[in-house]
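The following note sets out points for discussion on the model shown below.

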Amino acid sequence: MQYVVSRPRVGVFIDTQNLYHSARDLLERTVNFETILKAATRDRELVHAISYTVEREGEATARPFIYKLSTLGFKVRRMNLTLHHVTDGGKPIYEGNWDMGIVADMIRMMDSMDIIVLGSGDGDFTDIVEVLQERGKRVEVISFREHTAQKLIDAADRFTHLPDLEGALMPARVKNGGAKGSADELQP
């Protein structure tokens, strides 16, 4: 007799800016999104992989990075930064936030997933984590412990400190006259 065993269906939702800025600020490194995708899908069926990026309008520097994400299997959702306001000192303050878009995609796609993997440390996601769990979904978070809200860690079924994943960070760039990074190292 033969048994059919289905693998859990997983969706991966990456807040690219959140992980990028955490890696840069904490370790002066960049994130290897291929490693994150492999860790998130291990022995599971990938049904969705979406990376959310923010870029300045008309700026082409993010194109190699976005292309690389696409070749890894991510659907890339892009948003242009918008001018939020100008400070009294004349400094422009820009805004670009995918939180509601990520939540909307999770809700829209939740019936096709058993496990949701969130790549972000933003505590604003705690409520959607709890809603998904109430609907019988397992929610895992991959991020930097130092930049992850404790309430998000507590709510997640599993939390993975990104630097604990072997190969999750790109090699440090050489300073002072080092070669420019390849498309693998480019970030938004």
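Are helix 2 and helix 3 roughly parallel or roughly perpendicular to each other?

1. The model is a predicted one. In it, the axes of helix 2 and helix 3 come within 10 Å and cross at roughly 25 degrees. Angles under 35 degrees count as roughly parallel, and helix 2 and helix 3 are therefore roughly parallel to each other.

2. The crossing of helix 2 past helix 3 is right-handed. On the helix 2 side, the residues that meet helix 3 are Phe33, Glu34 and Leu37, and their counterparts in helix 3 are Phe65, Leu69 and Leu72.

3. The largest nonpolar core contains 27 residues, and Val12, Leu19, Val31, Phe33, Ile36, Phe74 and Leu162 have the most contacts inside it. Two or more residues each come from strand 1 (9–15), helix 1 (16–27), helix 2 (33–41), helix 3 (63–72) and strand 6 (115–119). Helix 2 provides the largest share, 5 residues. A second, separate core has 24 residues, among them Phe13, Met109, Met113 and Ala156.

4. Beyond its neighbours within four places in sequence, Leu19 is in contact with residues including Ile14, Val31, Phe33, Ile36, Phe144 and Leu162.

5. The buried residues of helix 1 are Thr16, Gln17, Asn18, Leu19, Tyr20, Ser22 and Ala23. These buried residues pack against strand 1, helix 2, strand 2 (45–55), helix 3, strand 6 and strand 7 (138–143).

6. At 1.5 Å a residue, the 12 residues of helix 1 should span 16 Å, which agrees with the 16 Å between its end C-alpha atoms. Just after helix 1, Glu28 adopts a positive phi of about 55 degrees.

Definitions and conventions. Residues are numbered from 1 along each chain as its sequence is written. This is a predicted model: local features need pLDDT of at least 70, side-chain atom pairs count only at pLDDT 80 or more; totals for chains, interfaces and linings use all residues. Side-chain values use heavy atoms; hydrogens and water are left out. A nonpolar core is a set of buried Ala, Val, Leu, Ile, Met, Phe, Trp, Tyr and Cys residues joined through side-chain atoms within 4.5 Å. Buried means under 20% relative accessible area, exposed over 50%, partly exposed in between (1.4 Å probe, protein chains only). Helices (H or I, at least four residues) and strands (E, at least two) are DSSP runs, numbered from the N terminus. Contact means heavy atoms within 4.5 Å. The expected span of a helix is 1.5 Å times one less than its number of residues. Axes are lines fitted to C-alpha atoms, for helices over the stretch in contact, and angles run from 0 to 180 degrees between N-to-C directions. Angles under 35 degrees count as roughly parallel, over 145 as roughly antiparallel, 65 to 115 as roughly perpendicular and the rest as oblique. A crossing is left-handed if the near helix is turned anticlockwise from the far one by less than a right angle, and right-handed if clockwise.
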